[in-house]
Amino acid sequence: MNRTLTILAAGATLLAGLAAPALAAPEVSLARFDCGTPQAPVPVNQRFSDTFAYGELKLQFVFSCYLIKHGDDYLLWDTGHAMTMPNVAPKVSLVDYLAKIDLKPDQIKYVGISHYHADHTGQVASFPKATVLIGAKDWEAISSPKPGTGVNFKPFEGWIKGENKLEALALDKDVFEDGTVIVLRTPGHTPGHSSLLVKLAGMGPVILSGDAIHFRENANSTGVPAFNYDRAQTVASVERLKNIATNLKATIIIQHDARDVEKLPVFPAFAK
Ligand SMILES: [Zn+2]
């Protein structure tokens, strides 16, 4: 009896050992797109700091979208400005970027939206087959009968009507359920703002910070943009992201900071 049990136990261990590689997480990689045309550097002291933290500092903002490949699945993170936006429209649309690597819009499984502002949501309507992942409170604002100022609800028409798929996230979401790609709840810039943690095997974990952080100096001081929805939530979210970065040795990539563009290779190359 004991012997049989031992053999069974040994067999189970062997099977578990054999099964492990099949269960290993698929390869994850990350690419960046320019999703708007940068304008001249702007003074950031007032609009981007409610504590006047930045003196004469002027910064050029860039507009970034990202593509995450997880095995054979794709998640797009933010959709940039609309192609019709005056002055800051992207030079290349997301659909055209994807065509360069033979991807069709319908192959995008998820579109993660950091928040409802126009420079992050402009091209979402190009992906009607994707499941949109968005913070519940931002979705409430978009789908409200009377959306507030700055809530770019129009491109979400298909989702508002219920024709397209959407998950309104009240908490973090482990997108592929293997811990490699996690939408992080980081409210404050907007009520349902989210950031994205992507665990790359080579480069290590990366945090795409949405607009929780606008530029490097924002992360190093508590200069909260004056137009943010909630100051205390913003400070707590920045602290959360910095703590995750310390604990996981993660690289924070600030989506609007021109100096952070070089942290990732130039598309069509992917960081791995
Ligand atoms: Zn924003």
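**Figure 1. The largest nonpolar core of the predicted model contains 62 residues.** A nonpolar core here is a set of buried Ala, Val, Leu, Ile, Met, Phe, Trp, Tyr and Cys residues joined through C-beta atoms within 7 Å. A residue is buried if 20 or more other C-beta atoms lie within 10 Å of its own, exposed if 12 or fewer, and partly exposed in between, with C-beta atoms placed from the backbone. Ile 68, Val 111, Val 132 and Val 198 have the most contacts inside this core. Two residues are in contact if their C-beta atoms, placed from the backbone, lie within 7 Å. Beyond its neighbours within four places in sequence, Ile 68 contacts Val 28, Leu 30, Tyr 74, Leu 75, Trp 77, Val 181 and Val 198. In soluble globular proteins, nonpolar side chains tend to be buried together. Because the model is predicted, local features need pLDDT of at least 70 and side-chain atom pairs count only at pLDDT 80 or more, whereas totals for chains, interfaces and linings use all residues. Residues are numbered from 1 along each chain as its sequence is written.

**Figure 2. An open sheet of 6 strands has the order 1-4-5-6-7-8 and mixed pairing.** Strands (E, at least two residues) and helices (H or I, at least four) are DSSP runs, numbered from the N terminus; two strands pair if DSSP finds at least two bridges between them. Strand 1 (28–34) and strand 8 (166–169) are the edges, each with a single partner strand, so one side of each has no neighbour in the sheet. On average, neighbouring strands of this sheet are turned by 20 degrees against each other, direction ignored. Axes are lines fitted to C-alpha atoms, for helices over the stretch in contact, and angles run from 0 to 180 degrees between N-to-C directions.

**Figure 3. Strand 1 pairs with strand 4 (residues 64–70) in the antiparallel sense over 7 bridges.** Val 28 has His 70 in strand 4 as its bridge partner.

**Figure 4. Strand 6 (residues 110–113) and strand 7 (residues 131–135) are parallel partners over 4 bridges.** Val 111 is bridged to Val 132 in strand 7. Helix 4 (residues 136–143) packs on the sheet and touches strand 7 and strand 8; the direction of helix 4 makes about 105 degrees with that of strand 7.

**Figure 5. A further open sheet, of 5 strands, has the order 9-10-11-12-13 with mixed pairing.** Its edge strands, strand 9 (173–174) and strand 13 (251–253), each pair on one side only. Strand 12 (residues 204–208) pairs with strand 13 in the parallel sense over 3 bridges, and Thr 251 in strand 13 is the bridge partner of Val 206. Helix 7 (residues 231–248) packs on this sheet, touching strand 11 (194–200), strand 12 and strand 13, and its direction makes about 170 degrees with that of strand 12.

**Figure 6. Asn 220 lies in helix 6 (residues 216–220).** Asn 220 counts as exposed because it has 12 C-beta neighbours inside 10 Å. Lys 242 is 22 residues from Asn 220 in sequence, with a C-alpha to C-alpha distance of 9.5 Å.
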